[in-house]
Amino acid sequence: MMQTARDKIRELRALYDDGLLSQQEFDLRKNAILDAEYAPPSGAPVAPRAGTELGLMAGQEIGPQNRRYRLERLIGAGSMGQVWQATDLATHAELGNSEMVALKILPPQLTRSASHARLLIEEATQARKLAHEHIVRVYEWAQDPATASYFIIMECLDGQDLERYLSQTGPLALSQVQELLLPVADALSYAWEKNKLVHRDIKPGNVFLTRAGDVKLLDFGIASRAHGGALQTPNAGTSGYRAPEAGSNQEDPSPRLDVFAVAVMIYQMLEGRMPFDEMRSSGPPRAPAALNYGQWQVLQNGFANAPELRPASVGELLEALQRAAGPSAEEQAALDEDARERTESQQQEAAAQAEQMRLQEQSRQTTLTARRQVEAQAAAIEQLRLDKLRREQEGQRRIEAEAAAKVRKANLRAQLQARREADAAKARVVQEEQLRKIRQAKAEAFLRAEQERSRRELAEHNATELAQLLPSSTSPVAGADGVLRDRFRNGSGSGPDLVLIPTGRFEMGSSVEERAIAVAAGSQKTWLERETPQHWVAIEYPFAMGRYPVTVGQWRQFARATGWQTQAEVDWQNPGFGQSDFHPVVGISWHDAQRYLDWLNQETGQGYRLPSEAEWEYACRAGTKTAFSFGDTITTDLANYDGNYTYNGSPSGLFRNGTSEAGSFGANPWGLFEMHGNVWEWVQDVVHDNYDGAPNDGSAWQDGGDQSRRILRGGSWLYNPRYLRSALRNGFSALLCNDIVGFRVARRLD
């Protein structure tokens with residue numbers, strides 16, 4: 001044991017000598033090792049030392065050298081380790097995470113074997129894909145080099161879990177239970193439908209109630225893999241909430257595992273106690289007073305031993321409880337008595353109405369008889385008058401008919417003359433329309449011929465301009481569409497497709513109106529300040545830019561030719577989603593991109609480089625002044641991003657969970673593809689807080705600023721649409737790589 005303690009302290013000393021630990025961190029962790037080594041015998045009193053269970057204390061920094069977190073306060077601790085509120089010292093300013101995060105730090109003994117660590121990493125990677133309003137967001141995982149502890153970086157929440165809430169309030173009403181569990185059902189349905197994931201450890205401690213009134217589901221498939229310091233059956237659940245089949249090493253877990261746990265929680269929330277112990281030795285539970293017979297049957301089916309008896313999902317369980325709601329015995333008796341009284345009253349009213357109708361009908365018949373007599377007398381008098389009037393009218397009609405016949409003959413002659421004139425005019429109109437269509441067809445044919453001639457002249461002009469700009473000894477391969485391809489000097493291939501970018505001026509950065517829309521979409525004002533002040537930049541030299549980001553196939557050619565191998569955590573050949581040789585390569589650091597450019601220059605004899613930040617935004621905008629090159633709104637038909645989020649009134653859409661092939665979306669006005677979304681793209685510039693002092697000639701800004709980080713542009717498949725704007729600026733450590741970061745090449749032509 002002493003040898004083990006010495007080895008641990010020796011490793012700490014090596015980290016301290018390499019500058020990875022401060023003196024304070026070294027002393028704290030050394031004391032933790034000695035506390036564990038010289039612990040008093042079992043049963044002897046031990047004076048507590050705050051924060052030494054894992055050698056951690058408030059104010060301490062943990063994590064790899066380029067991904068550091070400062071511990072602020074201990075939120076909770078248990079057999080699964082500790083949960084700390086922490087400040088993200090690096091990546092929150094680079095990839096959009098919150099500055100304040102929660103770290104779930106697992107003890108080293110839980111991940112001592114490689115297989116245990118791999119399972120936890122896989123679980124964290126799966127949880128990272130769950131983007132839902134009622135599931136706590138998992139950002140990343142990392143390992144602390146000093147303690148060898150793995151930890152998960154998560155969204156930091158303010159509030160309390162349901163377990164503590166129940167301890168304060170006691171049993172709840174059924175309506176409150178439904179209100180608290182409906183968001184849980186929504187989150188579980190999303191995880192199953194989108195990723196075929198089952199939580200398998202639902203309990204009040206994993207349901208969090210924020211101060212803002214939101215309900216969040218915690219520990220989605222992470223913590224339940226380990227218990228009591230040893231790896232158990234994956235996600236077997238917590239005693240009391242665990243379904244009978246949970247420990248049977250199921251290959252395809254079913255959502256009915258979570259239905260069992262939620263049914264137990266409903267009983268606990270209504271009664272303030274569990275329905276039965278782990279072995280069900282206490283007999284069948286008593287029906288809750290808040291449930292009627294039908295609802296109790298539904299709840300019993302929810303925690304039935306046989307999975308097939310349970311509802312298929314938590315949502316169906318809650319809907320079944322709602323449907324089974326009905327009146328109690330007392331309420332039913334009152335309803336029956338009310339119905340009887342209404343029936344008697346209706347019968348009495350019907351008898352009274354029948355008698356009243358009989359009397360009314362008798363009076364109506366008497367009145368009708370008298371009226372008929374009067375009407376018969378009046379009808380006889382009226383008939384005499386009408387006969388006289390008819391004779392007079394017949395005489396008048398004969399006179400009028402003779403006059404009308406004369407008028408009709410005159411009108412007929414006039415109509416015949418007008419019809420002949422109208423037919424002649426219609427024939428003239430038809431003839432003129434035919435002539436117009438012939439002239440229009442000739443004009444359209446001429447216009448198409450002119451457009452084809454202009455296209456050929458433009459292609460010839462681009463080829464001539466390229467020939468004038470480039471030495472004849474290195475003439476590129478260029479198509480009629482103006483796409484430039486540099487041949488390799490050994491004839492084995494050619495460089496990436498390039499598009500000639502015209503010279504000109506543009507206004508770099510975002511306007512006040514665009515920033516106001518971005519704030520409404522959720523952008524942080526500190527991010528938007530990087531896009532100011534808006535300023536004019538002149539690009540007075542010709543250059544070309546990659547038509548697409550560098551692809552997997554192009555990177556594989558470089559790796560084979562140079563023997564390059566990655567040392568990063570993200571494998572460019574297997575980043576966690578499907579890809580072909582035509583997908584943009586990811587998992588490439590800024591320094592790796594520089595090595596690729598050096599190799600490309602050797603193969604072609606040209607001057608390839610990363611574009612400057614000004615060149616990138618100029619080419620992305622392609623003469624436009626809107627938030628995106630295609631307007632002020634965006635949809636997932638135009639770019640690859642997280643379609644669960646919207647921008648400026650745009651509709652929601654697809655979340656593709658990975659990159660798209662190059663050319664999957666339309667090009668911008670200058671022929672460049674995927675400038676918005678898909679992958680973040682490295683540029684040459686160093687990270688600065690804003691544009692104060694930035695060059696205005698299109699050159700890269702490489703002096704001052706944070707020399708350890710470089711600018712990223714364009715957004716990615718994992719980000720929401722506000723990060724895809726033409727003006728948005730991001731930054732990332734030049735040493736690190738990620739499954740959302742790639743790059744695009746540029747080449748000056750003079």
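User: What makes two strands a pair in this structure?

Analyst: Strands are DSSP runs of type E with at least two residues, numbered from the N terminus, and two of them pair if DSSP finds at least two bridges between them. This is a predicted model, in which local features need pLDDT of at least 70, side-chain atom pairs count only at pLDDT 80 or more, and totals for chains, interfaces and linings use all residues. Residues are numbered from 1 along each chain as its sequence is written, and side-chain values use heavy atoms, with hydrogens and water left out.

User: How do you know that strand S8 pairs with S9?

Analyst: Strand S8 (residues 207-210) is joined to S9 by 3 bridges, and at least two are required for a pair. The two run antiparallel, and Val207 stands opposite Leu217 in S9.

User: Why is Asp739 called buried?

Analyst: Buried means under 20% relative accessible area, exposed over 50%, and partly exposed in between, with a 1.4 Å probe and protein chains only. Asp739 has 10% relative accessibility and therefore counts as buried.

User: Where does Asp739 lie, and which residues does Asp739 contact?

Analyst: Asp739 lies in the loop between strand S21 (730-733) and strand S22 (741-743). Contact means heavy atoms within 4.5 Å; leaving aside neighbours within four places in sequence, the contacts of Asp739 include Arg128, Val570 and Trp717. The C-alpha atoms of Asp739 and Val570 are separated by 6.4 Å, with the two residues 169 apart along the chain.

Methods. Helix = DSSP H or I, 4+ residues; strand = E, 2+ residues; numbered from the N terminus.
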